[in-house]
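Hi,

Here is the model we talked about, with the sequence alongside.

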Amino acid sequence: MEMIGQGIVAALKMLASGDAELVRVTLLTIRVAGTATLLSILVGIPLGCLLALARFRGREFMISLINAGMGTPPVVAGLVVSLLLWRSGPFGYLKLMYTPTAMIFAQFIIALPLVTGFALAGIGQLNPKLQDQILALGASRWQLYWLLIREARLSLLAAIIGGFGGVISEVGASTMVGGNILGRTRVLTTATVMEVSKGNFDIAIALSIILMFLIWLVTYALTRLQQRGRPQ
Amino acid sequence: MKRLHRFVVLAAIMALIVGCSGQQASTDPQPGQPQQEQQTGQPSSQPEAPAEPEAPAEPEEPAAPENPEVILATTTSTVDTGLLDVLVPMFEERTGYIVKTISVGTGQALKLGENGEADVLLVHAPESEKPLVESGAVINRQLVMHNDYVIIGPPDDPAGVKGTATAAEGLKKIAEAEAIFISRGDDSGTHKKERSLWAAAGVEPGGQWYQETGQGMGATINVANEKLGYTLSDRGTYLAHKKNIDLEVVLEGDTPLLNIYHVMQVNPEKWPMVNGEGAAAFVDFMLEDEVQEIIRTFGVDKYGEPLFFPDGGKTEEELLGG
C-alpha cells in the first residue's frame with residue numbers, strides 16, 4: 001500500500017515538474033500509437049466494408065483470417081517485423097530497425113485486424129434491406145458506402161477504440177523492434193517494464209498512471225464522438 | 001452543427017498526433033531515402049519535406065560522422081544500473097555519433113553481434129566471447145571493467161550457505177537442502193556464469209526447487225524475493241534493488257564470482273552494413289582515462305560503494321592473477 005502511495009506522489013511530482021524526458025516519452029507514445037491507429041483506420045475500415053458487402057470466393061476464409069488476426073500477440077508482430085527489418089532481413093537496407101517507424105509498422109499489424117474485424121461486424125450487422133432502400137432512392141455507389149458507414153458509426157468508433165487500445169497498451173512489439181532506446185524509441189509501456197527491472201517501482205507506477213490517463217483521455221474523446229447524436 | 005463538432009474533435013486528434021511528431025527531434029532515416037544516404041555516405045542533415053507525420057525534420061549536428069548511427073548491444077546490468085545513461089550521452093556529445101543501446105541478455109547480444117545486427121558489444125561472458133574472436137566475428141576486444149557476482153538469499157538462510165568458502169560449495173548446499181533457487185534461464189552472462197558454477201559444484205540442477213524465469217536480472221531478483229529463494233546476481237543490480245527486497249548477500253568474494261566486462265567491435269569486413277568507425281570510436285571511448293575514472297566512482301554517491309572497477313588497458317590474465 002505504501003508503495004502505491006509513493007507511486008502516486010511520484011506521478012504527481014513528475015507531472016508537476018514537466019520532466020522533459022517524460023514529456024518526450026509521452027509524446028512519442030501518442031505519436032506511434034496514433035499513427036499506427038490512423039493507418040489501420042485508413043486500410044481497415046474500407047477493407048471491413050468490402051468484406052461485409054462484397055460477395056466473392058474465399059470471402060469467408062479471409063474473414064476467418066481477420067478474426068484470427070484480432071488475437072495477434074504483439075510479440076509475434078514484433079518478431080515478424082524484426083525478421084524483415086534486421087540488417088540480414090529483406091528490408092535491412094532501409095535501416096528502420098530500432099526506429100519509431102518500425103514500431104508503427106509492428107503496431108499497424110496489431111491494429112489492422114482489430115479495426116477490420118470490428119468494422120466488418122458493424123457493417124455486416126446493418127439490415128441488408130437498408131442497402132436496397134438507399135440504392136432505390138437513387139444513391140450512387142459511393143453515397144451508399146458513406147451512408148452505411150454513417151449508419152454503422154457506433155461500431156466503427158468501437159473499432160477505432162479497439163485498435164488504439166490494442167496498440168497503446170502493447171509492450172512486446174515495441175521492445176523488440178524499438179529497443180526502448182532513451183530519447184528515441186522509449187514509450188510509456190517499455191519505460192514501465194524497464195523501471196520495474198531497475199527496481200524503481202514508484203516511477204513505474206507513475207508511468208502507469210500517466211498511461212492509463214492518456215488512454216482514458218483519447219477514449220473519452222472518441223466516446224464523445226461515438227455517442228453524439230444518439231437519442232437521449 | 002453536429003457534423004461540425006465531430007469534425008473539430010477529429011481534427012483535434014489529428015493535430016495532436018501531427019503536433020507530437022513535429023516536436024520529436026528524431027533522426028530516423030526516412031523511407032526511400034536511406035539507401036541513397038548509405039551509398040553517398042552523407043549524414044541526413046539536409047532538411048527534407050516530411051512526407052508522413054512520422055518523418056520529422058533532422059537536427060543540425062555539427063561535424064557529424066559519415067555514418068552517425070551506432071548500435072550497441074549490451075547486457076541488462078549496464079543499463080539497469082544507470083551506467084550507460086551517464087556514458088552514452090557523453091560519447092554522443094563528444095563524437096557526434098548516435099548510439100542505439102539495445103539492452104538484452106549477453107547471449108542475445110553476442111548473437112546480434114555474430115549476425116552483424118549490432119556494431120559494438122559490451123558484454124560479460126568471457127568464455128562465450130572467445131569463440132567469436134576466434135571465428136573473426138568480433139575484433140578489437142578490450143577489457144573494460146569488472147565487478148562481482150553475489151549469491152543472495154533469504155535472511156534466515158535455510159540452506160546454510162553463509163559461512164561456506166566457495167560458490168561451488170554454497171550451491172551444493174542449496175541443492176542438498178532443495179532450497180528454492182531462481183535462475184535467469186535466459187542464456188545471459190549471469191546465467192552462463194551460474195551454469196558454470198553448478199558444473200563446478202558437480203550438481204545438475206533440476207526439480208521443484210530449481211526455477212527459471214527467462215527474464216532480466218531485476219525481474220529475477222523480484223521473483224526470488226517473493227518466493228524467498230536464492231539467486232545469483234551481479235552486485236550492481238542487487239544494489240539497485242536492495243531497497244525493495246528482503247534478500248541479502250549470503251556468499252561473496254570467491255574468485256569464480258568475478259564478473260568481467262569486455263567491449264568489442266563487430267567485424268565490419270564481415271558485414272558491410274556494420275559501422276566500423278563508430279564502433280571503434282566507442283571502444284576507444286570506453287578505455288579513455290576520463291571514462292575509466294567515471295566508472296570508478298559511478299554509484300558511490302547512491303550506494304556508498306562503487307558498482308564497477310575499471311580495468312582499461314589490463315588483460316584478463318592480469319585481472320584473474322592479481
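In what kind of crossing does H1(A) pass H11(A)? The crossing is right-handed, meaning that the near helix is turned clockwise from the far one by less than a right angle.

Before the rest, some housekeeping. This is a predicted model, in which local features need pLDDT of at least 70 and side-chain atom pairs count only at pLDDT 80 or more, while totals for chains, interfaces and linings use all residues. Residues are numbered from 1 along each chain as its sequence is written, chains are lettered from A and ligands numbered from 1 in the order in which they are written, and side-chain values use heavy atoms, with hydrogens and water left out.

Back to those two helices (helices are DSSP runs of H or I, at least four residues; strands are runs of E, at least two; both are numbered from the N terminus). The axes of H1 (residues 2-17) and H11 (residues 201-227) of chain A come within 7 Å and cross at roughly 65 degrees. Axes here are lines fitted to C-alpha atoms over the stretch in contact, with angles from 0 to 180 degrees between N-to-C directions. On the H1(A) side the contact (heavy atoms within 4.5 Å) includes Met3(A), Ile4(A) and Met14(A), and on the H11(A) side it includes Phe201(A), Leu207(A) and Ile210(A). The residues involved divide into 14 nonpolar, two polar and one charged. Nonpolar covers Ala, Val, Leu, Ile, Met, Phe, Trp, Tyr, Cys and Pro; charged covers Asp, Glu, Lys and Arg; the others, Gly among them, are polar.

Next, the largest nonpolar core: it has 78 residues, and those with the most contacts inside it include Ile45(A), Leu188(A) and Leu121(B). A core is a set of buried Ala, Val, Leu, Ile, Met, Phe, Trp, Tyr and Cys residues joined through side-chain atoms within 4.5 Å, and buried means under 20% relative accessible area (1.4 Å probe, protein chains only). Helix H2 (residues 20-53) of chain A gives the most to this core, with 12 residues. Beyond its neighbours up to four places away in sequence, Leu188(A) touches Val25(A), Leu207(A) and Ile210(A), among others.

As for chain B, it has 14 helices and 10 strands, and 53% of its 322 residues are buried. Val123(B) sits in strand E3 (residues 120-123) and is buried, with a relative accessible area of 0%. Leaving out residues up to four places away in sequence, its contacts include Ala73(B), Leu110(B) and Tyr261(B).

Cheers

Terms used
Buried < 20%, exposed > 50% of the residue type's maximum accessible area, 1.4 Å probe, protein only.
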